[in-house]
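Thanks, everyone. I'll keep this brief. Please have a look at the model on the screen first.

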Amino acid sequence: MPTTLTYTATRRSAHAGYVVQAVVNTLAPLLFVVFHTRLDVPVAQLGALAGLNFAVQLLTDLAAVRVVDRIGYRRPLVAAHAFAAVGLVLLAVLPLVTPSPFVGLCIAVVVYGVGGGLLEVLVSPVVEHLPQPEEAKAAGMALAHSFYCWGQLGVVVVTTGLLAVVGTRLWPVLPVLWALVPLANLVVLLRVPLPPTVPDEHRTSLRSLFGTPLFLAALVLMATGGAAELTLAQWASFFAEEGTGISKEAGDLLGLGMFAFLQGAGRVAYGLWGQRLPLRPLLAASGVAAAACYVVAATASAPALSLAACALCGLAVALMWPGTFSLTSARFPLGGAAMFAVLALAGDGGATVGPLAAGVLADLTHGPLAGLAAALPDDSGTGLRAGLLLSAVVPAAFAVTVLVSGRARAALPREQTVSA
């Protein structure tokens, strides 16, 4: 398609793609309390919604593994934005017209989940393959991923503000307004130049990747990193209000809002100065810090301390996802979009299981985990403190995997020598 736009416009459109992904992943959790109070959706089903979103993204990643490198980036990117826009509109409409609001919500989540899954597969390899110095790629990836955080923060601030103004009764207006974001970027994507995909004859095969211990370790990092990030991100708003007793507006802004802000700040900081810092030790420290944040958020009796831990967890998990992408693409520069799709598949797997597991564990506090819940500060009977406390094992596993894979790194085959 003829175009007068440059790769600068492509980079900006890729950044906007992360904003779209933030919209489809963040908006529904911000409305969990509304769904719970106005539509009578139980807490366990709210956790299932979060899990469904990432399960659909996971299946989309799986379907895209062998397709994207063959058809190029443009058509699936345009389709991703179309699915996101339609799904957001359905989120506003279907719960009000279907016999079961939960079923209506599920249908909408499936539609925009396809869009989110395609974005996860496509945007990172586009950013990776844009013309830039090799030594700047990791920093560029972190900077690009920061736009997911700024999009998340924007969704939190705007949605919370509009809910305060119009009230929860008019909540369906919000998904329709947010659907304008993917529609606008869709128009831009029709015109920007896009880098070529890696040809089949040059691409590292998936069989070869799966036969390499480092790549298997990368899959574990993606799964645990995705779960560590999304579990708290998906539950932060609900936990802030129901678990600490503060207002919804304050909970959204101080919980998920500050989580997104500090996550974005961490990625921007690495994007600006990351070339001077070794990535692997930072990732190990990230896992330890995130585990500590989960423990403090779950056990602190002071609401301010719990909220501070939720917010600081955003900084702790900032580099997990883009850092793993960068380490892996440095080791396998010819992995192509298929490699990114498999990595995203693992990440979305963790993002699917993590929030769902936290919700299931919270429900178990009415049975086998009742003793644990009784030992923790009050959380209005939701059991979410226990769910978050037990979830701390996930970022701890991330840190252990970084350290173990780092020790074996020198013995692993490499396609080329890249410092990471």
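This is a predicted model: local features need pLDDT of at least 70, side-chain atom pairs count only at pLDDT 80 or more; totals for chains, interfaces and linings use all residues.

Let's start with helix α1, residues 7–30, and helix α6, residues 101–129. How do they pack? Their axes come within 9 Å and cross at roughly 150 degrees. Anything over 145 counts as roughly antiparallel. So α1 and α6 are roughly antiparallel to each other. The crossing of the two is left-handed. On the α1 side, the contact uses T10, A14, G17, Y18, V20, Q21, V24 and A28. On the α6 side, look for Y112, G116, L119, E120, V123, S124, V126 and V127. By class, the residues of this α1 and α6 contact are 10 nonpolar, five polar and one charged.

Stay with α6, and bring in helix α3, residues 43–64. The axes of α3 and α6 come within 7 Å. They cross at roughly 40 degrees. That angle makes α3 oblique to α6. The handedness here is right-handed. The contact of α3 with α6 divides into 14 nonpolar, seven polar and two charged residues.

Now α3 again, with another partner. That partner is helix α16, residues 336–363. Their axes come within 8 Å, and the crossing angle is roughly 165 degrees. α3 and α16 are therefore roughly antiparallel to each other. This crossing is left-handed. From α3, the residues are A44, G47, A48, A50, G51, F54, A55, Q57, L58, D61, L62 and A64. They meet A341, A344, L345, D348, G349, A351, T352, P355, L356 and D363 of α16.

Next, helix α15, residues 320–331. How many residues of α15 are buried? 12 of the 12, so the helix is largely enclosed by the rest of the structure. Among the buried residues are M320, W321, P322 and F325. R331 is buried as well.

First up, V165. Its place is in helix α7, residues 137–166. Buried or exposed? V165 has 68% relative accessibility, so it counts as exposed. V165 and Y73 are 92 residues apart in sequence. In space they are 40 Å apart, C-alpha to C-alpha.

Then S391, in helix α18, residues 384–391. S391 has a relative accessible area of 9% and is buried. What does S391 touch, leaving aside its neighbours within four places in sequence? It is in contact with T231, Y294 and A358.

Last, T401. You'll find it in helix α19, residues 393–408. T401 is buried too, with a relative accessible area of 15%. The cut-off for buried is under 20%. Now pair T401 with A217, which is 184 residues away along the chain. Their C-alpha atoms are separated by 6.8 Å. Leaving aside neighbours within four places in sequence, T401 is in contact with A217, V220 and L221.

Note on methods: Residues are numbered from 1 along each chain as its sequence is written. Side-chain values use heavy atoms; hydrogens and water are left out. Axes are lines fitted to C-alpha atoms, for helices over the stretch in contact, and angles run from 0 to 180 degrees between N-to-C directions. Helices (H or I, at least four residues) and strands (E, at least two) are DSSP runs, numbered from the N terminus. Angles under 35 degrees count as roughly parallel, over 145 as roughly antiparallel, 65 to 115 as roughly perpendicular and the rest as oblique. A crossing is left-handed if the near helix is turned anticlockwise from the far one by less than a right angle, and right-handed if clockwise. Contact means heavy atoms within 4.5 Å. Ala, Val, Leu, Ile, Met, Phe, Trp, Tyr, Cys and Pro count as nonpolar, Asp, Glu, Lys and Arg as charged, and the others, Gly among them, as polar. The expected span of a helix is 1.5 Å times one less than its number of residues. Buried means under 20% relative accessible area, exposed over 50%, partly exposed in between (1.4 Å probe, protein chains only).
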